[in-house]
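Work through the following exercises with the sequence and the model side by side.

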Amino acid sequence: MSEARKFAEQTLDDWGITDRVDDVRLCVSELATNALLHGTPGSGGILVRIRTGDHLVRVEVRDNSSALPKQRFPDDESPTGRGLLLVAACADGWGVDRYAEHKVVWADFKIDTTEAMKVISC
């Protein structure tokens with residue numbers, strides 16, 4: 001997921017957005033990992049999109065499964081299952097847009113910067 005993290009960091013840097021970079025980078029990593037592990041078995045493709053406008057950064061990760069993600073509540077000994085808990089803790093909101101043959105899991109981050117609407121995908 002290093003590519004997704006680098007993409008997020010570089011995009012925010014290009015746009016001059018300096019607040020919430022760590023939160024965005026972490027959530028991009030978690031959402032992209034979930035998409036690769038659970039959302040696209042065998043298909044090998046996800047789309048990471050970042051957009052900003054109206055004091056908000058939105059991260060979207062699209063995969064080719066319509067199955068909804070499930071937030072788990074693992075015990076202290078469990079080595080996995082904390083991804084969506086981290087997203088919920090770091091983002092100001094998150095959700096899923098479901099389509100016929102794919103879904104987009106998104107996370108929103110309030111920012112101080114006023115930016116024109118920008119969208120970038122990788």
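**Exercise 1. The overall plan**

How many helices and how many strands does the secondary structure of the chain come to?

*Solution.* This is a predicted model, in which local features need pLDDT of at least 70 and side-chain atom pairs count only at pLDDT 80 or more, while totals for chains, interfaces and linings use all residues. Residues are numbered from 1 along each chain as its sequence is written, and side-chain values use heavy atoms, with hydrogens and water left out. Helices (H or I, at least four residues) and strands (E, at least two) are taken as DSSP runs and numbered from the N terminus. On that basis the chain has three helices and five strands, and reading along the sequence gives the pattern α-α-β-β-α-β-β-β. Of the 122 residues, 37% count as buried, where buried means under 20% relative accessible area, exposed means over 50%, and partly exposed lies in between (1.4 Å probe, protein chains only). As for contacts (heavy atoms within 4.5 Å), among those between residues at least 6 apart in sequence, 65% join residues at least 24 apart.

**Exercise 2. Two helix pairs**

*Solution.* Two packed helices are described by the angle between their axes and the distance between the axes.

- From α1, the residues A4, R5, A8, E9 and L12 meet V21, V24, R25, V28, S29 and A32 of α2. This contact divides into seven nonpolar, one polar and three charged residues, where Ala, Val, Leu, Ile, Met, Phe, Trp, Tyr, Cys and Pro count as nonpolar, Asp, Glu, Lys and Arg as charged, and the others, Gly among them, as polar.

**Exercise 3. The place of V87**

Is V87 buried or exposed, and which residues does it touch beyond its sequence neighbours?

*Solution.* First, locate V87 in helix α3 (residues 83-90). Its relative accessible area is 0%, so V87 is buried. Next, leave out residues up to four places away in sequence, and V87 is found to touch C27, E30, L31, W94 and A107. Finally, compare sequence with space: V87 and D108 are 21 residues apart in sequence, and their C-alpha atoms are 9.7 Å apart.

**Exercise 4. Two hairpins**

Which strands form hairpins, and how many residues lie between them?

*Solution.* Strands pair if DSSP finds at least two bridges between them.

- Strand β1 (residues 47-52) has a covered face made of V48, I50 and T52, and an uncovered one made of L47, R49 and R51. Six bridges join β1 to the antiparallel strand β2 (residues 56-63), and L47 stands opposite R62. These two strands form a hairpin with three residues between them. D54, in the loop between β1 and β2, has a positive phi near 55° although it is not a glycine. Most residues other than glycine have a negative phi. At 71% relative accessibility, D54 counts as exposed.
- Strands β3 (residues 93-98) and β4 (residues 103-110) run antiparallel and are joined by six bridges, V96 having V105 as its bridge partner in β4. They form a hairpin with four residues between them.

**Exercise 5. A loop residue**

What surrounds S66, leaving aside its neighbours within four places in sequence?

*Solution.* S66 is found in the loop between β2 and α3, and its 25% relative accessibility makes it partly exposed. Its contacts are R98, Y99, A100 and H102. The C-alpha atoms of S66 and A100 are separated by 6.7 Å, although the two residues are 34 apart along the chain.
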